[in-house]
Amino acid sequence: MKSGARPFPVLVACSMLVAPPGALGQETVRRVSLAEALEAFAANSLALKIARSETAGLTGAARQSRAYFNPALSLGRDDLSHQDEKMWEETLLVLQQVEWPARTAARGRAATHTIGAATARLRADSISLAFEVREAYVRAWFAEETESVLRRTASVIQSVADDAEIRLAAGDISAYEARRLRLERVQVELELEEAGLIARDARRGLAVLIAPGSDVEEIGPSEGLEGVPAIITRETAMAVLPQRPDVEAAARELDAARAGVQVAQSYWVPDPTLGIGYRHHDDGFGGASFALDVSMPLFDRGVGTREEAAARSSAAAYRLDLRTEMAALDVLLASDRYASSRSRLETAAPGLQADGEALLVSATAAYAQNEMTLVELLDAASAFRSAQLSALALAAEAWVSYYDLLRAIGGAPEEER
């Protein structure tokens with residue numbers, strides 16, 4: 001289970017845009033929306049299939065535990081002889097072990113709560129795994145947008161570099177400026193190449209989550225992250241805390257353990273086995289036959305079983321308290337992180353994007369008119385790159401924090417339910 005979102009690096013060169021035609025080893029990328037990714041996850045996720053299978057196993061075991069005893073059929077024949085006299089006797093009995101009603105009811109309650117706990121655990125696992133898909137989708141978007149920024153920066157630097165060699169030969173720029181440009185060009189090209197590798201790895205990671213075993217090696221987002229996520233206050237998040245599936249599962253496990261204590265406490269009274277049938281004698285006599293079988297609790301009175309059940313119930317109660325505390329801490333942490341990242345996205349990201357774009361455009365135009373030096377243009381390109389990557393990181397962090405908060409409260413966006 002995830003306890004929180006991983007922070008996004010602000011100025012790390014990572015990307016996920018499809019490389020231009022002819023890129024080394026580039027393969028076709030399948031594009032999906034977030035809703036399509038979640039739908040594919042629900043149908044194909046191996047982790048989710050494992051969780052479903054484990055839940056089915058627990059459910060089957062619980063149902064079996066409340067099954068009533070099967071009747072038994074007994075057929076016997078006695079052949080007796082004394083000197084020259086012979087006789088035989090045949091007996092047909094139907095035997096049924098009879099359980100006391102209180103024990104049957106307690107077993108039924110334990111099984112019902114166990115099944116409910118398993119179902120709640122499956123919901124908790126599903127929510128946690130779906131968050132991993134959403135996080136992978138956001139990270140793929142972040143990487144692709146980052147590569148786009150790096151590619152644009154590289155394009156500006158490469159274009160200027162071609163012109164700089166001519167200007168250096170003509171004496172319009174110094175050798176220092178030319179060397180600075182060459183170093184900057186090599187650096188941005190290395191970053192762009194590394195970004196492409198990171199992009200492919202991220203797309204493959206998303207493919208493993210939503211389409212394992214398929215022929216598709218890379219899956220990328222078909223839509224971007226627009227705007228700001230919805231507001232979820234701390235009060236709202238804490239109010240829905242009891243709805244968390246893992247808390248519900250712990251509560252149902254406690255109910256099952258308490259029912260198990262009632263079952264164990266009834267074991268000191270043995271279950272009788274009743275038999276009814278027909279007995280037939282060779283001399284023609286015959287009639288109904290009855291039997292009663294009751295074990296005598298002389299040596300085994302179920303003391304250890306009762307102690308075990310009591311200990312399990314006590315542990316389940318502590319586990320519920322601990323799960324409730326940890327869930328509250330998880331919600332508080334996710335809520336604080338989301339409030340902070342959302343606020344930074346709202347206040348800083350628009351200005352970073354707009355100012356970075358305006359700075360690069362004006363610097364490029366000024367350099368073309370010989371109103372700006374080469375070093376100043378490189379500084380403007382670097383500032384553009386930093387501003388754009390910071391804005392992208394703020395957006396990605398806010399959206400991942402939003403999805404993480406939804407995971408923490410055990411919910412999902414209305415449009416994705």
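Helices (H or I, at least four residues) and strands (E, at least two) are DSSP runs, numbered from the N terminus. The model is predicted, so that local features need pLDDT of at least 70 and side-chain atom pairs count only at pLDDT 80 or more, while totals for chains, interfaces and linings use all residues. Residues are numbered from 1 along each chain as its sequence is written, and side-chain values use heavy atoms, with hydrogens and water left out.

**Exercise 1. Locate Asn 370 and state whether this residue is buried or exposed.**

Solution. Begin with the position: Asn 370 lies in the loop between helix H7 (303-368) and helix H8 (374-408). Next, consider the backbone, where phi of Asn 370 is near 60°, a positive value in a residue other than glycine. For background, most residues other than glycine have a negative phi. Finally, the relative accessible area of Asn 370 is 59%, and this residue is therefore exposed (buried means under 20% relative accessible area, exposed over 50%, partly exposed in between, with a 1.4 Å probe and protein chains only).

**Exercise 2. Describe the surroundings of Leu 345.**

Solution. Leu 345 has its place in helix H7, and because its relative accessibility is 6%, it counts as buried. Leaving aside residues up to four places away in sequence, Leu 345 touches Gly 227, Val 228, Pro 229, Pro 350, Leu 394, Ala 395 and Ala 398, where contact means heavy atoms within 4.5 Å.

**Exercise 3. Determine how helices H1 and H3 are oriented to each other.**

Solution. First take the axes, which are lines fitted to C-alpha atoms, for helices over the stretch in contact, with angles running from 0 to 180 degrees between N-to-C directions. The axes of H1 (residues 34-44) and H3 (residues 101-170) come within 10 Å and cross at roughly 140°. H1 and H3 are therefore oblique to each other, given that angles under 35 degrees count as roughly parallel, over 145 as roughly antiparallel, 65 to 115 as roughly perpendicular and the rest as oblique. Then list the residues: Leu 34, Ala 37, Leu 38 and Phe 41 of H1 meet Ser 126, Leu 129, Ala 130, Val 133, Arg 134 and Tyr 137 of H3.

**Exercise 4. Work out the strand order of the open sheet and name its edges.**

Solution. The sheet has four strands in the order E2-E3-E5-E6, with antiparallel pairing; two strands pair if DSSP finds at least two bridges between them. Its edge strands, each pairing on one side only, are E2 (72-82) and E6 (286-293). Within the sheet, E3 (residues 85-97) and E5 (residues 273-281) pair in the antiparallel sense over nine bridges, and the bridge partner of Leu 92 in E5 is Tyr 278.
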